[in-house]
Every structure is written in structure tokens, then in C-alpha cells.
Amino acid sequence: MKLLARALRLCEFGRQASSRRLVAGQGCVGPRRGCCAPIQVVGPRADLPPSGACITGRIMRPDDANVAGNVHGGTILKMIEEAGAIISTRHCNSQNGERCVAALARVERTDFLSPMCIGEVAHVSAEITYTSKHSVEVQVNVMSENILTGAKKLTNKATLWYVPLSLKNVDKVLEVPPVVYSRQEQEEEGRKRYEAQKLERMETKWRNGDIVQPVLNPEPNTVSYSQSSLIHLVGPSDCTLHGFVHGGVTMKLMDEVAGIVAARHCKTNIVTASVDAINFHDKIRKGCVITISGRMTFTSNKSMEIEVLVDADPVVDSSQKRYRAASAFFTYVSLSQEGRSLPVPQLVPETEDEKKRFEEGKGRYLQMKAKRQGHTEPQP
């Protein structure tokens, strides 16, 4: 109890420090002040399809957080995926027919709007917002609750896409039961989101053929200096009952590697600010050896973009070759002991490929910055 009370006091101190950095109606803990759209906590939307909802929750423990008491982004991503998997699998089995399990195919960009601390309770709510013939779109909100004061705050909003896989043959994708929309516009908007993510998934898969190679005696602030890899043997505890890895397990490992890269680069306390779209290109089966590799691609004054690649090697099956299973870009910020954002050492790209990735990262950063500023500008 003493540990819990101390953690909550530290959390409250962090909240006060965060509140001093925020401007009313301007947002959160992103790379710079006013980077996010105004946060509004609302109840379930009445115009969403009546497909039910899934609500989960648990208290944050010390092993969920870093040394500063901030909950790992990967821990939150895993909880988000678990809620999405429950509601999408439930929906896909809502009609008579071949039974299936919903597998994660993609996670849209996710911003970490506010830090979550040890001792707080995470409340995760998920609901279905669109279905195509073979996929389900799920929107997830995460709230943090200080159980001493009762204060609640929105920490994450995420959109995930799932596909139903047959229990008899996990390589077979089944049809999704349709949902009834209260408005025609809602279905049309969902179809546009579906087509956009489908196109981006194809483009991402084709450009993810490269491999992170180690370099001996790299110079500080270079890509090679901070790049990191983690090798993991996929065991039963990582998998569904049907023998392939939970999407949340993969995302947690990806966030762990990205955090190591960020910490090596700036050598301070770091937290996840956002995750660009995570694409799951292929299933990872039990018994595979996966290599999660991370490298710095871009730095602004106060943020770092890290590309994370997941490669799977089916060592128990000599007929299959190593393949790219997932990829994503993570954005991290550096924090002082008081929770204030710190300047980030500027990345020094050396090779032509590194310079190209730096410019591509700069383009993504400027595009997202312009989008945020458009959301925060007052309407005439």
C-alpha cells in the first residue's frame, strides 16, 4: 500500500507538471506545445452502429512502467488491441456459420494524449464503426483514473482493422457480418477510410524490403549509434489458442525496441508521443524467431521518429523463408525529471539512404504539424 500511495503521489506531481505546460483547449504531451486538437471526453456516440461495446480495465503496476513511473506505450497498445480483438471476434461470430477469430491487420495513427502512471486504473472501451466484406474497423478510447481523487482523463484514441480467420484454416479469410448504419453518410465515410488504409497498406508492404545492419564503432548521434534489435522466440504465451501471435504482443515488443533507440540517442527519460500506422503484413506463428529492429529516421527540436521493422524466421519449417511481418513509425519525446520536454540531439544522417529517410521523416513531421495546427486554429 505504501508503494501504491507513493506512486499515486508521484503521478499527481506529474499531472501538475503537465498542466503547467498545457494551454486550455490546446492538447497534450506531443512534441511541442499545442500540438494536439482540443480534448473532449464524450460518451458513446449515438450515431454508431448498434454492435455493442467492449469495456476492459485494470490497475497499472510497477512492471507496466519505466523508471520514472510513466506507463510504457507498448503496455497501452497491448490493452487497446485486446479490447479490439474481443469485440471484433464477438461480432464476426454473431451469426450462424463457420467460426473464426479476428486477427489484427492494421492500427491507424495513435496519439498519446496524456501520460498514465503507476497506480492509476486504465479503462479501455471499444466499439465497431465500420465493416467491409472481409474486415472490421474498431475505435478504441483509453481513460486513466486516479482512484484516490476520482479524476479521469482521456489518454488514447485509436482505430484498428481486423480480419476474420477461420478456426479450421487460419489462412482462410471469412466474410464479416454486416452492420446496420443509422445514417447513409456514416457508411460512406467508413468506406473512404477503408479504401485509404487498404492503399497505404499495399504501398508500405512494397517499400519495406530493407534490413537494419549493425555497424562497428559508430559515432554518437548517428543512425548506427542508437539502432537496436531484439530477438524473440515466439512461445505459447505469446499466441492465441490458434497458434499465431497476438497483435498486442508484437506492438509491445516494437514499442520496447523503439524506446531503447530513443533512450540511446538522447540519454534521458523518454515517453511515446505517437505511433504512426502499424501495418501487419503477415501472421507470425508459434515457434518462429522474430527480429524486431529499430532505427532513428528523423529528429525535430523536441521529437524523434523511429522506424521499427519486424521480421519472422520460421526456423521449424525449412520450406518457408524469412519474411517481413510488421512495420511502423514511433515518435518519442525527451523529458526532464520534472516532466518537462527537453531538446533532442539532432540526428546526423551519413549514407544516402539515411538522408533519404530523414527527408521522408521530415515530410511526415511537417504534414502532421500542419494538420494539428489546422485543428487548433479558431474558426472564423
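A residue counts as buried under 20% relative accessible area, as exposed over 50%, and as partly exposed in between. Glu98 has a relative accessible area of 30%, so Glu98 is partly exposed. The model is predicted.

Glu98 forms a salt bridge with Lys172. The closest N and O atoms are 3.2 Å apart. This pair links distant parts of the chain, 74 residues apart. Glu98 sits in the loop between H2 and strand E2 (100-107). Lys172 sits in the loop between E6 and helix H3 (184-207). Lys172 is also partly exposed, with a relative accessible area of 38%.

How many salt bridges does a search of the whole structure find? The count is 16. Side chains of opposite charge can pair when their charged atoms come close.

Arg295 pairs with Glu307, with 3.0 Å between the closest N and O atoms. Arg295 belongs to strand E10 (residues 289-299), and Glu307 to strand E11 (residues 304-313). The two residues are 12 apart in the chain. Arg295 is buried, at 3% relative accessible area. Glu307 is buried too, at 7%.

Strand E11 also holds Asp311. The side chain of Asp311 meets that of Arg322 in a salt bridge, 3.7 Å from N to O. Arg322 lies in the loop between E11 and strand E12 (323-335), so the pair ties together parts that are 11 residues apart in sequence. Arg322 is partly exposed, at 43% relative accessibility.

A further group is a network: Arg106, Glu108 and Glu200 are joined by salt bridges that share partners.

## The nonpolar core

The largest nonpolar core has 69 residues. Which residues have the most contacts inside this core? They are Met254, Ile278, Ile284, Ile292 and Phe330. Helix H5 (residues 247-266) gives the most to the core, with 9 residues. Domain 1 (51-203) and domain 2 (210-375) both give residues to the core, so the core lies between them.

## Helix H2

Helix H2 covers residues 73-92, a run of 20 residues. At 1.5 Å a residue, H2 should span 28 Å. The end C-alpha atoms are 28 Å apart, which agrees.

How is H2 placed in the structure? Of its 20 residues, 16 are buried, so H2 is largely enclosed by the rest of the structure.

## A nonpolar surface patch

Ile59, Ile147 and Leu148 make a nonpolar surface patch of about 260 Å². Leu148 is placed in the loop between strand E5 (136-145) and strand E6 (152-166). Its relative accessibility is 60%, so Leu148 counts as exposed.

## Ala105 and Lys283

Strand E2 contains Ala105. Ala105 counts as buried, because its relative accessibility is 12%. Ala105 and Lys283 are 178 residues apart in sequence. In space, they are 9.1 Å apart, C-alpha to C-alpha.

Key
Residues are numbered from 1 along each chain as its sequence is written. This is a predicted model: local features need pLDDT of at least 70, side-chain atom pairs count only at pLDDT 80 or more; totals for chains, interfaces and linings use all residues. Side-chain values use heavy atoms; hydrogens and water are left out. A nonpolar core is a set of buried Ala, Val, Leu, Ile, Met, Phe, Trp, Tyr and Cys residues joined through side-chain atoms within 4.5 Å. Buried means under 20% relative accessible area, exposed over 50%, partly exposed in between (1.4 Å probe, protein chains only). Helices (H or I, at least four residues) and strands (E, at least two) are DSSP runs, numbered from the N terminus. Domain bounds come from an automatic or database domain assignment. The expected span of a helix is 1.5 Å times one less than its number of residues. Patches are made of residues with over 30% relative accessible area and no salt bridge: like charges are joined within 9 Å, nonpolar side chains (Val, Leu, Ile, Met, Phe, Trp, Tyr) within 5 Å. Accessible areas come from the Shrake-Rupley method with a 1.4 Å probe; for residues, only the protein chains shown count as cover. A salt bridge is a side-chain nitrogen of Lys or Arg within 4 Å of a carboxyl oxygen of Asp or Glu.
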